[in-house]
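Visitor: Could you show me how to read a sheet and its surroundings in a model like this?

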Amino acid sequence: MARGTLIELGLLALASILLVLGFGLPESGPDTFEFGPRPAGGLRVVTWNVGGAGSGDGRALGEDHVPAVVETLRLLDADLVLLQELRDRKQLERIARALGENVRFEAIDDGPDCIGALAPRAHLFQLTTGEWEGRRPLALLVHPEVGPALHVVVLHAHPWSARRRNHEIGQALDLLVPATLTPARLLVGDLNIDVGRHGRNDLFTNDEPRDVAAYNYLARHLVDVGAGKGPTAEPDRRLDYVFASPELDPVQAGPWLGRRVGDMDHHPLVADFVHAAGE
Amino acid sequence: MLAALSSALFLTLMLVGFYTYARNHTRGAFDFGYTFENESYFNGLTFTVYSFYFGFLLVLPIFVATEGSAQIAGETSDRTLGLLLIRPITKSRLFFTKVAVSAGYAVCLAGGFLVLSLGVGLFAVGWGDLDLYPGVLQMTDRHQHLSQSQALLRFALIWPAASLGLWTTLAFAFLLSAWMKSAVNAAAVSISLYLVMHVVSGVHFFEELRPILFTSYLAYWRGLLQEDVPWTQVGRDAAKLLGFAFVFLALAHRRFRLREEL
Amino acid sequence: MTGPLVEVRALRRMFGSREALAEVSFDVQPGTIFGLAGANGSGKTTLLKILAGFIAPSGGAARVFGLDPRRRRAEVMRDARFAFAPPALYESLTAREHIALLASLGAAPDRGGRSRAVAVAAALDEVGLADRADDRVGTFSFGMRQRLVLAQALVPTPRLLVLDEPTDGLDPLAVLELRGVLRRLRDERGVTILLSSHLLVELDELVDELLVLDEGQTIYCGPPARLLDGEARLVLVMDDAARAAQLFTRRGLAAQSAGDGALVLGDGSLPLAEAAEILRAGGLELLEYRVERPTLERALIARMQRARDARANGKQERA
């Protein structure tokens, strides 16, 4: 065999090995979130858009799925549950009662859907949000049974308009900025933004730059505790977030994929914290 | 020389763009209240990331493709290849000597451009830590913070990593150079095909096609700017790029070895 | 090795349906100058490129130093040096750098044991470029480039030197000098030379053997002097040329009128004494006679014309 042919075969063999290595090794995807018991003395927060994708009676949570939601929330055993796309305040109350007699709840019901908060082990105080443009968030002062109080804003940002959700996210963060608030702050909910290295480079809209700007605005003030733990919604999208102030030390966070409830397209996002000061 | 001048011009334009962008987006001239990048976040290291990213994907490949095309097609059209082939040197040796020289050129080009970007960035824009956010450059999935010294070390790693990316483009140019008789045609076709593949790699509705295009992996060195470098991913992409390069070189070598020098 | 340095047997090369070389055969013996003549497009450069291993033959075989140049080009080039026309050079190098660069490729040692710098200087001196050795090639005239191409071929001194149209662009004095250089290379250093030219006059008196190609066909192969064989003419002048022609025709001899009472007979067709006797028997007196020898070029043109006529006739018959 000619020496030149041997050289070419050698190069191709080397290329094959490298390509097999490159394409064959498993993709290093996001770290998977391994759900565990809530940290002792810590704080577990769950945010969940319980609306159904294409549910027969609208986008809000269907009544037939309420028992499954209750069962899941019992299993997750959170201190603070923040739900979006509820049908109304009464539906939230039914869920609260199903979880226990002492479960406190608050809701805001003046948008296209109802946003609710449930606190099996905390006291809740709803705060006013003043003048608002777009979908109004639920603003809360939360006093957990253990540890200091925290301010929480729950938002379900506009699903279709990047411009609107950008404003809503900005305004929601502005609620948490004043220095008079407690240092521990959370901004949670279905923010409807999906950014990252594998962005879609959509040729037809400028949604991505706007969403990126919104995400960056949040990321400069708060810590995205669920980052790198994979998608929170189907198909393969990360739309649900828990942004926390540095005073809250995340132990673990990520979407809980244990069970699909009906035709819902979001998973519950679980975040466990301890206070940075070890309180 | 031309490469150095073009790089300097490119960096000047980047500097102008950088400042006008920062001014427009931070002084209230922009009506989009929550779009937010400010001057404290922009510094010399951010400038280097931006300019090197665009330079690496759009400027350096042009010079590398031109260099690769000139090596065989240029000598063919100038008929100086005949001068080399009447010496006791095999075509394989000639081919790999040219590959080695061009690969060295790519390393110098990447290093020179990086140093120039850093120099312009640090002295004209300013020193500081490197903060990266998810964005249209898709550098990162989440906010990354690197201290200045950490960032400079990462840039030192980016140099060989980016050179490897340029080698694949170079090998592609060699392949066309071995097939074509004119250096101008070979360079034009190399650059055109590179740009087409670059665009296809970046548009989401070509996602079925992306994995088989080497241009999809060229900016793999972005991983080196993460706080925790995803070494497996960086290694995978580097392996793919080298694999593509060896395939191109094998085909180019075969063509060059067997073709007739009319 | 005492056999021929170059052996070519029934060599053919097709370009599409066009036959650039047809069954060409010849040998180049060591220590000789072998000339390759033919009009532009006759197949000379194709033949030389096959010998250099640049292109493959479509049939037959070519061997240089007993090696197949297509497969073992690098080995062939250890002792052979080719210079193709028109000269291609690296414009940005000086003449000295140019030769030194090319000589460094493969780094074959000089046969005379000279250092490379000495060999480069000697080669430049040999072709008359010593005073321009450090000038950039880009500033050279065509003739100077031609000389530089020859100079680079001399470092290190090869056993076989193959030159394609080496006199193109040279002034008459330079052509004369080139002939001197080539003769010295053959006589003093034992270099075997194969050179091609479309001008036969350049090969006359220089080459030991000559191959003439026309449209890829071999017209002639042998010593140049033998090219004239059969091409001389016997011119007879008598008082009645028309009657004399009849007398020769009756004997089966072709005699052509040359005007002014002269007849032309082919060389060797009839001894002079016999021709005079035929005329005397017919009552005619031979007034004057001479043997006319054509130039090498005229002889070649005559051969080419006959070969072309024969090919045209052959084609007609096939048609």
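Predicted model: local features only at pLDDT ≥ 70, side-chain atom pairs only at ≥ 80, totals over all residues.

Visitor: What is the strand order of the open sheet in chain A?

Guide: Strands are DSSP runs of E with at least two residues, helices runs of H or I with at least four, numbered from the N terminus. Two strands pair if DSSP finds at least two bridges between them. In chain A, six strands form an open sheet with mixed pairing, ordered E5-E6-E7-E8-E10-E9.

Visitor: Which strands stand at the edges?

Guide: E5 (122-127) and E9 (223-224) of chain A do; each has a single partner strand, so one side of each lacks a neighbour in the sheet. E5(A) runs antiparallel to E6 (residues 138-144) of chain A, with six bridges joining them. A:Leu127 has A:Ala139 in E6(A) as its bridge partner.

Visitor: Which helix packs on the sheet?

Guide: Contact means heavy atoms within 4.5 Å. Axes are lines fitted to C-alpha atoms, for helices over the stretch in contact, with angles from 0 to 180 degrees between N-to-C directions. Helix H4 (residues 162-176) of chain A touches E6, E7 (150-156) and E8 (185-190) of chain A, and its direction makes about 170° with that of E7(A).

Visitor: What about chain B, how many helices and strands does it have?

Guide: Seven helices and two strands, running α-α-α-α-β-β-α-α-α from the N terminus.

Note on methods. Residues numbered from 1 in each chain as written. Chains lettered and ligands numbered in written order. Heavy atoms only, no water.
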